[in-house]
Amino acid sequence: MSPAPLNLYDLTREQLRVQLVRWGLNPFHCARLWNYLYIELADSFAAMPELPAKVRAQLKAHARLGILATAQETDSSDGFTRKYLLSLDDAAAIETVLMRYTGRVTACISSQVGCAMGCVFCATGQMGYTRHLAAGEIVAQAVHVARALRVAREPRRLRNVVLMGMGEPLHNYESVMHAVDILRDDAGLALGAERITLSTVGVVPGILRLAREKRPVHLAVSLHAATQAERAALVPAARKWPLDELMAACRTYSETTRRRIFYEWTLIEGRNDSAGHARAVGELLRGLPAQVNLIPLNPTAGYAGAPTRSEAARNFQQILAVEFGVRSTVRQRRGIDIAAGCGQLAVAAG
Ligand code: SF4
């Protein structure tokens with residue numbers, strides 16, 4: 001039986017060069033092929049006319065472009081967010097979101113089908129875990145957004161990627177880091193060190209490994225509560241990796257990498273948004289290189305909580321700044337009308 005065709009989005013540029021040699025082709029063609037994949041964003045081998053016919057024939061025989069089909073596409077009413085439900089080869093579906101805030105174009109991409117972490121307020125957590133994404137399936141989401149911008153003749157190109165879609169990226173460490181290497185390539189999408197952010201629910205071994213390997217990504221940690229008991233009630237993963245171990249790992253990460261960590265705090269009315277909660281998180285982060293992102297809850301069918309009102313969110317922010325010198329932003333709940341909270345579109349379509 002002949003091997004399954006190789007997804008070209010799974011390969012770094014060096015791996016592609018080696019692969020061309022294995023197929024009996026001149027590695028000289030690598031630069032042109034890479035350009036077609038990530039600069040011209042070609043959607044078929046036929047759209048690569050400058051490659052010799054022999055090269056295209058070999059590619060057709062042994063490889064494929066792992067382009068993701070759009071099953072559903074929805075724009076938010078404010079025009080800032082577009083959400084794609086994308087189909088994988090095994091008919092599973094993942095979500096990718098194109099965001100245009102503050103003049104920057106960002107793709108929010110998924111790392112798994114579903115998620116094993118089970119955060120109570122999260123639509124993906126409510127779906128459960130199906131499988132990891134391969135690196136090529138992660139890369140293909142960024143390519144999908146870059147191509148959509150090109151097709152729409154938008155003047156801005158994709159500048160940032162956040163791994164905050166479906167799944168826990170540090171649970172799929174190898175594939176995510178391989179994808180990061182491909183996304184960063186200067187001759188391709190060129191999403192360098194300051195342009196990729198990985199969001200974790202607090203997988204301590206993964207945070208320590210990121211620090212050890214000095215991976216060139218920004219780190220965001222979903223905190224949501226400042227005591228072990230409150231956090232474990234919202235984020236079941238906290239029972240495996242308790243708050244004190246998580247904060248020790250975050251300190252190690254910041255000391256080793258000299259990078260600030262973004263701490264995500266989903267604001268849930270009456271649950272974690274009081275002045276007392278603000279002081280608890282202020283104490284926890286005092287003196288650390290930290291920025292808190294306060295995100296009013298995106299309501300989901302599977303969780304009864306409501307988003308914090310604007311005034312309480314501002315008060316929370318004020319306490320962090322004035323009493324603890326901790327910087328924070330309150331994120332707009334844009335895209336709410338297209339269910340742009342993680343996993344909500346896949347749940348609705350399922
Ligand atoms: S919030 Fe993130 S880590 Fe938690 S269940 Fe949802 S996708 Fe998984």
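Which residues of the largest nonpolar core touch the most other members? They are V139, A142, V161, L183 and Y263, in a core of 103 residues. A nonpolar core here is a set of buried Ala, Val, Leu, Ile, Met, Phe, Trp, Tyr and Cys residues joined through C-beta atoms within 7 Å. A residue is buried if 20 or more other C-beta atoms lie within 10 Å of its own, exposed if 12 or fewer, and partly exposed in between, with C-beta atoms placed from the backbone. Helix α5 (residues 135–151) gives the most to this core, with 8 residues; helices (H or I, at least four residues) and strands (E, at least two) are DSSP runs numbered from the N terminus. At least three residues of the core come from each of domain 1 (6–64) and domain 2 (69–349).

The model is predicted: local features need pLDDT of at least 70, side-chain atom pairs count only at pLDDT 80 or more, and totals for chains, interfaces and linings use all residues. Residues are numbered from 1 along each chain as its sequence is written.

**Domains**

The bounds of the two domains come from an automatic or database domain assignment. The C-alpha centres of domain 1 and domain 2 are 33 Å apart. Across the boundary, 10 residues of domain 1 are in contact with 15 residues of domain 2, where contact requires C-beta atoms, placed from the backbone, within 7 Å. The touching side of domain 1 comprises 5 nonpolar, 2 polar and 3 charged residues. In this classification Ala, Val, Leu, Ile, Met, Phe, Trp, Tyr, Cys and Pro count as nonpolar, Asp, Glu, Lys and Arg as charged, and the others, Gly among them, as polar.

**Ligand shell**

The ligand is surrounded by 12 residues, the closest being C115, M117, C119, C122 and G125. The shell divides into 7 nonpolar, 4 polar and 1 charged.

**Packing around the helices and strands**

Leaving aside residues up to four places away in sequence, V161 touches A107, I109, A142, L183, L191, R195 and I196. In helix α6, the buried residues are Y173, S175, V176, A179, V180, I182 and L183. They pack against β8 (129–132), α5, β9 (160–163), β10 (196–200) and α7 (204–213). The 12 residues of α6 (residues 173–184) should span 16 Å at 1.5 Å a residue, and the end C-alpha atoms are 16 Å apart, which agrees; the expected span is 1.5 Å times one less than the number of residues.

In helix α2 (residues 30–38), C30, L33, Y36, L37 and Y38 are buried, and their cover includes α1 (13–22).

I261 lies in strand β12 (residues 261–267) and counts as buried because 21 C-beta neighbours fall inside 10 Å. The C-alpha atoms of I261 and P289 are separated by 6.5 Å, although the two residues are 28 residues apart along the chain. Contacts of I261, not counting residues up to four places away in sequence, include L219, V221, C250 and Y253.

Most residues other than glycine have a negative phi. Two exceptions are listed below.

Methods
Contact = placed C-beta atoms within 7 Å. Near = placed C-beta within 6 Å.
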